Amino acid sequence: MATKKIELPQGTLDLLILRTLALEPQHGWAISERIQQISSDVLLIQQGSLYPALHRLERRGWIKAKWGTSENNRRAKYYELTKTGRKQLELEQDSWKKLAAAVAQILETA
Amino acid sequence: MFSDLILRLRSLFRRETVESETDAELRFHFDQQVAKFIKSGLTREEAMRRARLEFGGHEQLKEEIRDARGVNLVETLIQDVRYGLRILARTPVISCIAILSLALGIGANTAIFSLIDTVMLRMLPVQKPEELTQVRMNDPRSPNEEPEPTFTNPLWEALRDRQDFYSGIFAWSLTQFDLSQGGAVRDVNGMFTSGEYFSTLGVRPVAGRLITAADDKRDCPGVAVLTYGFWQEHFGGAPSAVGGTVSLDNHSFEIVGVSAPGFSGLEVGNKFDVAIPICAAEIFDGPKTRLDRRSWWWLNVAGRSKPGVNADELEARLGVISPQVFAAALPRDWEPKNQEEFLKRSFVLTPAATGTSYLRRRFTQPLHILMGVVGLVLLIACANIASLMLARAAARHKEIAVRKALGASRARLIRQLLTECVLLSSAGALLGVLFARWGSALLVRYISTGDNKVFLDLSLDWRVLSFTAGVAVFTGILFGVLPAFRSTRVSLTSAMKGSQAIDGESRAKFRPGKWIVASQVALSLLLLVASGLFLRSLITLVTMDAGFDRNNVLIVRANLHTAKALPEQQPAMFDEVERRLRSLPGVISGSRSVMTPVSNYVWNSDLDVDLPNAPKGDAALAYFNFISPSYLETVRTPLLAGRNFNDGDTKTAPRVAVVNETLARTFFPNGDALGKYFRIHPDPGKPAPPILIVGLAKDAKYESLREEAHATAYFPIAQIPEDAEEQVFELRTAARPSALVPSVQEAVASVSKAIPLEFHTLAEQVDDSLVQERLLATLSTFFGALALLLAMIGLYGALSYLVAQRQPEFGIRMALGAPRGSILRLVMRDVVAVLAGGLAAGACLALAAVGVLQKMLYGLAPHDTLTFLVAIGVLSAVAMLAGYLPARRAMRIDPMAALRYE
């Protein structure tokens with residue numbers, strides 16, 4: 001498992017969280033599971049970075065939290081995207097795509 | 001961002017909820033994870049173990065979440081404050097000394113600043129004060145002097161009737177009225193106002209109505225408006241007061257209303273209690289009323305501009321009408337040359353948003369000097385606390401090392417230490433505000449004189465409070481920064497070794513302490529020099545030979561005009577009163593005159609003599625007094641040559657005069673004034689009889705103790721050329737002058753019960769003329785002593801600390817055979833070095849700074865050597881004493897005990 005782990009570049013986690021929440025409101029555990037699944041277990045999000053990131057995003061007003069009931073009937077804290085969060089997601093997605101394309105181009109040609 | 005703020009506040013104040021929510025959230029995550037592992041086939045224990053491993057430190061994660069929510073800043077601040085309070089409470093004596101000296105420093109600053117605020121900065125409590133401007137006149141004869149603020153009534157009326165560009169313009173004049181009807185005078189602060197005064201300022205009545213334009217017409221019956229304060233004080237706020245009457249100078253006025261509380265006139269430092277219309281002056285003056293007099297200057301004029309019209313435009317429009325205005329009010333009896341110059345006058349405007357004030361002219365400079373003085377005191381107090389903090393930081397050396405070893409960052413520690421300092425200074429500021437309330441009230445009482453009660457509204461406003469808050473934060477940081485930075489620079493290993501290093505390191509560590517004490521010495525010297533200069537000026541003024549003897553003289557001012565005595569009866573009445581007063585038991589000598597020395601009143605005119613090179617213009621000015629024959633004897637001004645006046649010098653006898661030395665020297669340089677004649681420069685078309693000089697008197701101060709003797713001429717009171725309806729009796733008494741008041745009242749009442757009397761002593765009158773000097777001398781001496789005390793506490797504390805630090809070293813030295821005296825010398829060498837450095841710096845500072853005091857001094861130069869030497873001597877003596885006490889302790893150290901301690 002350790003071999004699969006890739007260090008996320010600064011700020012990328014925020015983008016991933018926002019993207020994950022763009023589909024539907026989720027609680028923290030589901031967010032980390034979803035990221036792990038979709039990335040085919042390449043990206044493992046540690047709680048140590050997930051929760052501070054969630055609270056930071058909440059403070060910035062990009063996501064908001066409310067208490068709900070989970071699939072197994074337990075109280076869980078659900079996060080959902082706010083309007084400004086959605087805008088922010090678009091912005092970050094754009095810039096990420098540009099960055100990735102640029103890096104890829106350099107790697108292939110150089 | 002609003003949501004951010006809500007979130008932070010919620011995190012801060014609903015801390016318990018937020019914490020448990022975070023716990024629940026993390027718990028949920030943990031449980032989900034465990035469930036997932038179990039599903040993938042692990043046993044329950046195995047699943048829990050792996051989940052816990054993945055999770056890492058629970059508390060650490062929560063701390064990171066708290067950081068992410070941005071609550072830590074505030075939370076640690078609260079922590080710091082709590083911890084700081086505990087630390088301060090652990091050393092209550094030191095903390096109290098620190099808070100007290102800060103409170104004195106901050107209190108003194110706040111007190112002086114609140115005076116500056118009220119006298120110079122505060123806006124008038126009226127509608128839109130920024131629209132108000134005072135109208136004054138530039139005199140072409142004296143272009144460098146301040147524009148003249150007083151108007152004659154004809155001039156005011158001419159201006160009022162010819163302008164149409166003000167939204168309102170008004171005139172006023174403050175005066176004193178006598179409420180009593182005969183007997184001892186009961187003064188009330190009166191004001192003449194034009195009809196537009198209250199309406200232009202936007203002041204409203206709380207009862208009845210205020211004076212209106214309809215009240216201010218010639219031949220008016222006169223109505224009175226009371227201020228709220230006076231109404232409460234004298235009528236108990238009774239509604240029935242409106243419609244009643246008030247007696248002013250023995251004339252009855254109907255009270256038509258009461259003005260709203262808070263407003264007490266435009267002149268800061270003076271208030272009015274009763275306002276009456278300008279036209280009522282005729283009621284007091286009779287046919288020769290000041291309303292028609294073209295050289296009776298008594299009114300102030302101010303106006304409110306129309307919206308959007310600025311002062312420059314107003315001045316320009318005033319410039320257009322000013323020739324007509326001045327022409328209409330031309331004083332016809334002036335000499336042609338002066339009339340020409342009168343016509344060349346122009347109006348200038350000065351902002352009146354903060355009111356007008358004679359206090360401002362008189363006390364601006366002293367207040368600024370005092371502000372500087374108290375600023376220095378505060379600096380010295382700060383220095384004291386800084387060295388206290390340094391010493392305490394050294395004592396906390398270990399604690400800080402331990403905290404650092406446990407991972408506290410240096411920034412965090414510095415913040416903790418600074419928090420303690422700001423706590424100290426805030427406590428000092430709170431206490432200081434209390435001191436200031438009390439101190440500034442005391443100051444106002446101090447600058448009030450018998451004749452001139454100063455009235456200032458000293459309520460705290462935002463400006464004073466923010467000043468104090470600013471000072472508190474500034475001082476906290478000032479005395480906190482250096483110790484905080486030094487004490488957190490700890491080498492962990494040496495601190496952990498547990499020994500207080502005794503080598504050069506600790507002495508180097510003490511160096512900032514020495515710097516602090518040296519600068520305290522320097523600042524104290526500056527203050528001592530300043531207070532020495534003020535004190536010596538005052539002593540010179542108080543002890544100098546003024547040419548009269550101020551002690552044991554009762555001054556009784558009597559007004560026959562208010563007593564409604566007919567002019568032709570007055571001389572006989574005054575004569576009779578004088579005769580009765582002189583025969584009172586306890587009176588050594590009694591006299592009467594028109595002027596008394598240093599009384600704020602002057603009577604002067606130019607003299608003509610028939611000599612070539614006779615003085616002209618300003619040089620020909622002489623000051624007059626009209627006296628009864630016993631005056632010179634009563635005030636003890638010696639007659640040097642010739643004769644005194646006697647009963648033969650009657651109204652119809654040839655005119656005679658006694659002159660003082662300066663007059664004789666100025667007009668008769670050959671030294672032969674006796675027997676010569678002079679004339680008083682006449683108004684055009686009036687006769688000027690020759691006056692024979694029959695006597696020569698010693699110079700005496702006339703207007704103020706600070707003056708060079710004025711050329712003075714004394715005339716027999718019987719030969720006074722115009723009516724003087726108010727005259728003064730001087731009574732030299734054997735015992736306390738004020739003890740004579742009842743018998744004087746009785747004696748005067750036996751002549752007429754209607755005569756109002758005002759009592760002073762000559763000594764009071766002289767003292768009152770020295771308010772400014774006494775204020776500066778007393779306060780600077782007080783603060784100088786305070787500074788000295790603070791500096792000595794600083795020196796004593798710093799040295800005690802040094803001695804304690806070096807105790808083992810001294811022990812070793814003594815064990816090796818050093819005589820005790822050498823230890824004493826060792827410590828005293830430090831004292832002398834600090835003292836010498838501080839004195840040298842202080843002397844340079846003082847030499848550079850005292851120049852600004854020049855104008856406030858009398859009889860000595862700012863660089864007065866004696867004052868400097870005495871200040872240096874006092875400071876050195878006290879500093880050596882403060883240093884000797886710890887040095888002696890060092891000398892008495894028991895070497896064995898000191899070494900064992902190590």
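**Entry 1: where the chains touch**

I began with the contact between the two chains of this predicted model. I counted 15 residues of chain A in contact with 18 residues of chain B. Which elements of chain A give two or more residues to that side? I found helix 2 (28-38), helix 3 (47-60) and strand 3 of chain A. Helix 3 of chain A gives the largest share, eight residues. I then sorted the side of chain A that touches chain B by class. It has four nonpolar, six polar and five charged residues.

**Entry 2: a helix of chain B at the contact**

Next I looked up helix 2 of chain B, residues 15-39. I checked its length first. The helix has 25 residues, and at 1.5 Å a residue they should span 36 Å. The end C-alpha atoms are 36 Å apart, so the span agrees.

Which residues of helix 2 of chain B are buried? I noted Glu25(B), His29(B), Gln32(B) and Gln33(B). In chain A they pack against helix 2, helix 3 and strand 3. In chain B they pack against helix 3 (44-55). The elements named for chain A here also came up in my first entry, as those giving two or more residues to the side that touches chain B.

I also looked just past the helix. Gly41(B) follows helix 2 of chain B, and its phi is positive, near 110 degrees.

**Entry 3: chain A as a whole**

I counted four helices and three strands in chain A. Along the sequence the pattern reads α-β-α-α-β-β-α. The C-alpha trace spans about 55 × 35 × 20 Å along its principal axes. Chain A has 110 residues, and 30% of them count as buried. I also checked contacts between residues at least 6 apart in sequence. Of these, 50% join residues at least 24 apart.

Then I traced the sheet. In what order do the three strands of chain A lie? The order is 1-3-2, in an open sheet with antiparallel pairing. Strand 1 (26-27) and strand 2 (63-69) stand at the edges, each with a single partner strand, so one side of each has no neighbour in the sheet. Strand 1 of chain A joins strand 3 (residues 75-81) of chain A through two bridges, and the two run antiparallel. I picked out a bridge pair there: Gln26(A) has Tyr79(A) in strand 3 as its partner.

**Entry 4: domains of chain B**

I listed four domains in chain B: domain 1 (2-70), domain 2 (93-122 + 363-498), domain 3 (129-353) and domain 4 (553-768). How many Å separate the centres of domain 1 and domain 4 of chain B? Taken over C-alpha atoms, the figure is 98 Å.

**Entry 5: strands of chain B**

I turned to strand 13 of chain B. Five of its seven residues are buried, so I wrote it down as mostly covered. Strand 13 has antiparallel links with strand 22 (residues 726-733) of chain B, through seven bridges. There Arg557(B) has Val728(B) as its bridge partner. Strand 13 also runs antiparallel to strand 23 (residues 756-761) of chain B, with five bridges.

Strand 19 (residues 677-680) of chain B came next. In a regular strand the side chains alternate between the two faces of the sheet. Which residues lie on the covered face of strand 19? They are Phe678(B) and Ile680(B), whereas Tyr677(B) and Arg679(B) are on the uncovered face. Strand 19 pairs with strand 15 (residues 604-608) of chain B in the antiparallel sense, over two bridges. Asp608(B) stands opposite Arg679(B). Two bridges also join strand 19 to strand 20 (residues 691-697) of chain B, again antiparallel. Here Tyr677(B) stands opposite Leu692(B).

**Entry 6: two asparagines**

Most residues other than glycine have a negative phi. Asn552(B) has phi near 60 degrees. This residue is in the loop between helix 18 (504-543) and strand 13 (553-559) of chain B. Asn613(B) has a positive phi of about 60 degrees. Asn613(B) is in the loop between strand 15 and strand 16 (621-627) of chain B.

Is Asn613(B) buried or exposed? Asn613(B) is exposed, because 7 other C-beta atoms lie within 10 Å. Asn552(B) has 16 within 10 Å, so I noted it as partly exposed.

Note on methods
Residues are numbered from 1 along each chain as its sequence is written. Chains are lettered from A and ligands numbered from 1 in the order in which they are written. This is a predicted model: local features need pLDDT of at least 70, side-chain atom pairs count only at pLDDT 80 or more; totals for chains, interfaces and linings use all residues. A residue is buried if 20 or more other C-beta atoms lie within 10 Å of its own, exposed if 12 or fewer, and partly exposed in between; C-beta atoms are placed from the backbone. Two residues are in contact if their C-beta atoms, placed from the backbone, lie within 7 Å. Two strands pair if DSSP finds at least two bridges between them. Domain bounds come from an automatic or database domain assignment. Ala, Val, Leu, Ile, Met, Phe, Trp, Tyr, Cys and Pro count as nonpolar, Asp, Glu, Lys and Arg as charged, and the others, Gly among them, as polar. The expected span of a helix is 1.5 Å times one less than its number of residues.
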